[in-house]
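Subject: Handing over the structure

Hi,

Here is the structure I promised to pass on. Have a look at it first, then read my notes below.

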Amino acid sequence: MSTKQNELFVPLQQKVKGAISAVAKEKGLNFVFDVSQPDNNNLIYTDGTEDITPSVKTKLGATASAPATKAKK
């Protein structure tokens, strides 16, 4: 039963993610969060163009470590 559930659910997830990405791009959004559940704001889309990690590290006086990898489109 679990196999069948995955077989049906994965294509649905892909379709929803594709629709979210398309709408975000059409509206020029950089980020989309899932706010359907309180206290659980999960990032569900990013265009990968904005990473403030270096600025936060500088603000905190932290030294740079291994560079973060950018999300691929």
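A quick word on terms: helices (H or I, at least four residues) and strands (E, at least two) are DSSP runs, numbered from the N terminus. What you have is a predicted model, in which local features need pLDDT of at least 70 and side-chain atom pairs count only at pLDDT 80 or more, while totals for chains, interfaces and linings use all residues. Residues are numbered from 1 along each chain as its sequence is written, and side-chain values use heavy atoms, with hydrogens and water left out.

**The overall picture**

The protein has 2 helices and 2 strands, and from the N terminus they come in the order α-β-β-α. Of its 73 residues, 7% are buried (buried means under 20% relative accessible area, exposed over 50%, partly exposed in between, with a 1.4 Å probe and protein chains only). The accessible surface comes to about 6600 Å², and carbon and sulfur atoms hold 58% of that (Shrake-Rupley method, 1.4 Å probe; for residues, only the protein chains shown count as cover).

Glutamate 7 makes it with lysine 4, and their closest N and O atoms are 3.2 Å apart. Both sit in helix α1 (residues 2–27), 3 residues apart, so about one helical turn separates them. Lysine 4 is partly exposed, at 45% relative accessibility.

**The pocket**

Which residues line the largest pocket? They are Phe9, Leu12, Gln13, Val16, Lys17, Ile20, Ser21, Ile44 and Tyr45. Helix α1 gives the most, with 7 residues, and α1 and β2 each supply at least two. The space in this pocket is about 180 Å³. For the record, a pocket is an open set of points on a 1 Å grid over the protein atoms alone, where a 1.4 Å probe fits, with protein on both sides within 12 Å along at least five of seven lines; lining residues have an atom within 4 Å of a point. Points are joined across faces, edges and corners, and the volume is the space filled by probe spheres set on them.

**The strands and the loop between them**

Phe31, Phe33, Val35 and Leu43 form a nonpolar surface patch with about 380 Å² of accessible area together (patch residues have over 30% relative accessible area and no salt bridge, and nonpolar side chains, meaning Val, Leu, Ile, Met, Phe, Trp or Tyr, are joined within 5 Å). Leucine 43 lies in strand β2 (residues 42–46) and is partly exposed at 45%.

Now look at the loop between β1 (31–34) and β2, where you'll find aspartate 39. Its phi is positive, about 65 degrees, although aspartate 39 is not a glycine. Most residues other than glycine have a negative phi. Aspartate 39 is exposed, at 84% relative accessibility.

**Helix α2**

Helix α2 (residues 53–60) is hardly covered, with 0 buried residues among its 8. Glycine 61 follows α2 and has a positive phi, near 75 degrees.

Cheers

Note on methods
A salt bridge is a side-chain nitrogen of Lys or Arg within 4 Å of a carboxyl oxygen of Asp or Glu. Patches are made of residues with over 30% relative accessible area and no salt bridge: like charges are joined within 9 Å, nonpolar side chains (Val, Leu, Ile, Met, Phe, Trp, Tyr) within 5 Å.
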